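Good morning. I will walk through one structure today, piece by piece, so please keep the picture open while I talk.

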Amino acid sequence: MKHLKVDVTDLNKNFGDNHVLKGIDFKVANNEVVVLIGPSGSGKSTLLRCLNRLEVPTSGKVVIDGNDISDKKTDIDKARENIGMVFQHFNLFNNLTVGENVELAPTELGKSSKEEAAQAAKKLLKTVGLEDKYNAMPYSLSGGQKQRVAIARALAMNPDIMLFDEPTSALDPEMVGDVLAVMKDLAKNGMTMVVVTHEMGFAKEVADRVVFMADGKVMEEGSPDAIFDNPQNERTKSFLDKVINV
Amino acid sequence: MKKFFVLLSCIFSITIAGIMFSQPKVQAAEKTYTIGTDVTFPPFVYANSNNKYVGIDMELIRAIAKEEGFKADIKPIGFNAAVQSLSSGQIDGVIAGMTITDERRQKFDFSTPYYQSGIVMAVAPKSKITSLKDLKGKRVAIKTGTSGADYANSIKDRYGFKTVTFDDSDNVYNDVKNGNSAACFDDSAVLNYGVKTGLGLKIVTKPTNTGKYGFAVQKGKNQELLSKFNQGLEKLKKNGKYDQIIEKYTGSAATSSKKKENKQKDADGHTFVGLLKQNKDALLEGVWETIELTVVSIICATVFGVLIGLLGVIPNKFSQGFSTTVIYIFRGLPLLVLALFIYNGVPSLTGSKIPAFIAGIITLTLNEGAYTAAFVKGGIEAVDTGQMEAARSLGLPFGKAMRRVILPQGLKIMVPSFINQFIITLKDTSILSIIGILELTQTGKIIIARNLEGFRIWTIIAVIYLVIITLLTLLSKWVERRIKD
């Protein structure tokens, strides 16, 4: 086994009486791309959000890159600098230009000077195909453009791992391709990625491993071929039947 | 953003310091006593056309002060407010045609009586009411806290009438004149004087429940002042000055000349221009006081409100609870109650005085600040939670995320509420007239108490408020545009 990037042991999360995650064990190796699938309400997003403590675990251990995220004494801001996150609804900072969105964290956190950050931002925007939007305000962008800016913003902190929370679910169908292309490039370049998605095509093509979740538990995991062509668990089968035969 | 807060807190502290230093210092050589009195109770207390307070009580207290070598700082804050301020120790004495009663003796020490009066009933000139028996089922106007009111309340069941209470004598008289109330009860000296000088009412009963007027201090306190008053009064009675004063205000010469003066003033006193000219100085002072109150309160309330609002959104149960409680209390209290509580209630507890202006600022800061805090909190909470999550997930600490991402967006949401709150603050300063601050509304009350030109003066006051509010709105809109760009 390669060096572990993510090491989750016996993770439980309750929202009031609602037991959302029930004793999850979840590991991700360096440079690995893991795709989380499963019906809505299965706990995929909650698991992802526990990885950078946007949700505080009820019990269990979450270790990212050797840092115990679930320990209150850990400097969570420091740890988050290395964990990029992309949201379903983009969450671009509405009061800042595209360029400022990308530059905010590196400059505020003293990672780079204004000039360095601006240069880096322009370069990142170029890689996501939006160099001409540097001075634009978020409201003037399409959904696909916003999501690519959001990816650039997360990458600006040079994270070791990227978390994607249904990054294409809020997009018009014709925009999905652009965003997935950027993600594929990232994967190709060796980024460690955890992706919650309903894009089965992306899972098949890019994932090193697919994890199927239902009812707050990991039901089945394996290579894309194993999961999609030869699922063992009944829940996996019925889920895939529904999604793929739409 | 940081600079903005630093600037705000600077202004805040400078303002507070300014207020502290601008308070008149107590002079060591000649002792100054603060004496509360009524707004209008002629011939005992009333403002003449120069807005100077004259009348029997005023001349007496000034003559006694001169005789005994102390300074009297006269505060015409209204009878009710004066009595309350005295019992809470905010002022040192009250001279306001106050009848000495057993009930009042429990709270105050009285001087030797300086005047004797009784209660009479007055009705409109054309009224058919001639005795108490005719009052059955009717409404009677009284002034709060007066012995006329006590008398009316004591007999209202027997004669089957209802009472309606006002704060100022002129409101009482007007209510009778325009027929809303059938009659009013007041001291005979006051009503006699009024009738003689053209008040437009007639007296239909003989004086009853005769009472004596006394100068009052808080029970057991300011005994020195009380004995000085008694000594001074004694001297004035001996040297004939006392009789002169009484004659000056109740003699036929006085009343007929006053009547003439009233008639003459009526000529130009019935036009807006005439009234404006006559009261220009008083109105300007009132406007200035209102503006001062408004500006200082807006600054203090904004700083206070923003701080409390921010405490309400930081992820800490204690600070959130604190913020919620402060908002709950000060938004829940009527402004009037809060003003009276701070001005009259707190000093009777702590024993130290609060100047009316400071009490007013504190009142507005707490009340308007609570509203500000509520919409600051609301504005921040109205920013999509995803914005905070995105900022935090990049590694930005809470404070930085707040400052760079959430507050700029929240502020835009809050701007209309801020403008609204500024306008409300301006209007709410009028409520502070209750604690005797001589702002625009109180100035209006006093002018009307003198000339009974309610309609025209209130119109003038209303227009002045609208003008200031328009200016404030224009200023705010200009600032709003600057922020949006």
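I will go from chain B as a whole to its sheet and helices, then to the cores, and then to parts of chain A.

First, a caution: what you are looking at is a predicted model.

Let us start with chain B. Its secondary structure comes to 19 helices and 13 strands. Of its 485 residues, 52% count as buried. Take the contacts in chain B between residues at least 6 apart in sequence: 75% of these join residues at least 24 apart.

Now to a sheet in this chain. Strands of a sheet pair through backbone hydrogen bonds, and the pairing is either parallel or antiparallel. Here we have an open sheet of five strands in chain B, in the order E4-E1-E5-E13-E6, and the pairing is mixed. Its edges are strand E4 (71-76) and strand E6 (108-110) of chain B, each of which pairs on one side only.

Look at E1(B) next. E1(B) runs parallel to E4(B), and six bridges link the pair. Within that pair, Gly36(B) has Lys75(B) of E4(B) as its bridge partner. E1(B) is also joined to E5(B), by two bridges and again in parallel. There, Ile35(B) has Gly93(B) of E5(B) as its bridge partner. How many of the six residues of E1(B) are buried? Five are, so E1(B) is largely enclosed by the rest of the structure.

In E13(B), the partner of Gly93(B) is Val217(B).

A helix goes with this sheet. Helix H8 (residues 223-238) of chain B lies across strand E1 (32-37), E6 and E13 of chain B, and runs at about 75 degrees to E1(B).

Another helix of chain B is H3 (residues 79-87). The buried residues of H3(B) are Phe79(B), Ala81(B), Ala82(B), Val83(B), Ser85(B) and Leu86(B). Just after H3(B) comes Gly89(B), with a positive phi of about 80 degrees.

Elsewhere in chain B, strand E8 (residues 139-143) has four of its five residues buried, so E8(B) is largely enclosed by the rest of the structure. E8(B) pairs with strand E9 (residues 162-166) of chain B in the parallel sense, over five bridges. In this pair, Lys143(B) stands opposite Phe166(B).

Where is the kink in H17(B)? A kink of about 45 degrees lies at Ile406(B), shortly before the proline Pro408(B).

In soluble globular proteins, nonpolar side chains tend to be buried together. The largest nonpolar core in this model has 75 residues, and those with the most contacts inside it are Phe26(A), Leu51(A), Val194(A) and Ile380(B). H17(B) gives the most to this core, with twelve residues. Another core lies apart from it, with 51 residues, among them Ile64(B), Ile95(B), Val120(B) and Leu199(B).

Leu51(A) is worth a look of its own. Leaving aside neighbours within four places in sequence, its contacts include Val6(A), Val8(A), Phe26(A), Ile83(A), Leu163(A) and Val194(A).

We stay in chain A for the rest. Strand E9 (residues 209-214) of chain A has six of its six residues buried. Arg209(A), Val211(A) and Met213(A) point one way from E9(A), while Val210(A), Phe212(A) and Ala214(A) point the other way.

Which strands pair with E9(A)? One is strand E3 (residues 33-37) of chain A, in the parallel sense, over four bridges. In that pair, Ile37(A) has Phe212(A) as its bridge partner. Another is strand E10 (residues 217-222) of chain A, in the antiparallel sense, over five bridges. Here Ala214(A) is partnered by Lys217(A). E9(A) and E10(A) form a hairpin with two residues between them, and Asp215(A) in the turn has a positive phi of about 55 degrees.

My last item is Gln147(A), found in helix H5 (residues 143-155) of chain A. Is Gln147(A) buried or exposed? Gln147(A) counts as buried because its relative accessibility is 0%, and the cut-off for buried is under 20%. Beyond its neighbours within four places in sequence, Gln147(A) is in contact with Val86(A), Phe87(A), Gln88(A), Phe90(A), Pro167(A) and Val179(A).

Notes:
Residues are numbered from 1 along each chain as its sequence is written. Chains are lettered from A and ligands numbered from 1 in the order in which they are written. This is a predicted model: local features need pLDDT of at least 70, side-chain atom pairs count only at pLDDT 80 or more; totals for chains, interfaces and linings use all residues. Side-chain values use heavy atoms; hydrogens and water are left out. The bend at a residue is the angle between axes fitted to the seven residues ending there and the seven starting there. Buried means under 20% relative accessible area, exposed over 50%, partly exposed in between (1.4 Å probe, protein chains only). Two strands pair if DSSP finds at least two bridges between them. Contact means heavy atoms within 4.5 Å. Axes are lines fitted to C-alpha atoms, for helices over the stretch in contact, and angles run from 0 to 180 degrees between N-to-C directions. A nonpolar core is a set of buried Ala, Val, Leu, Ile, Met, Phe, Trp, Tyr and Cys residues joined through side-chain atoms within 4.5 Å.
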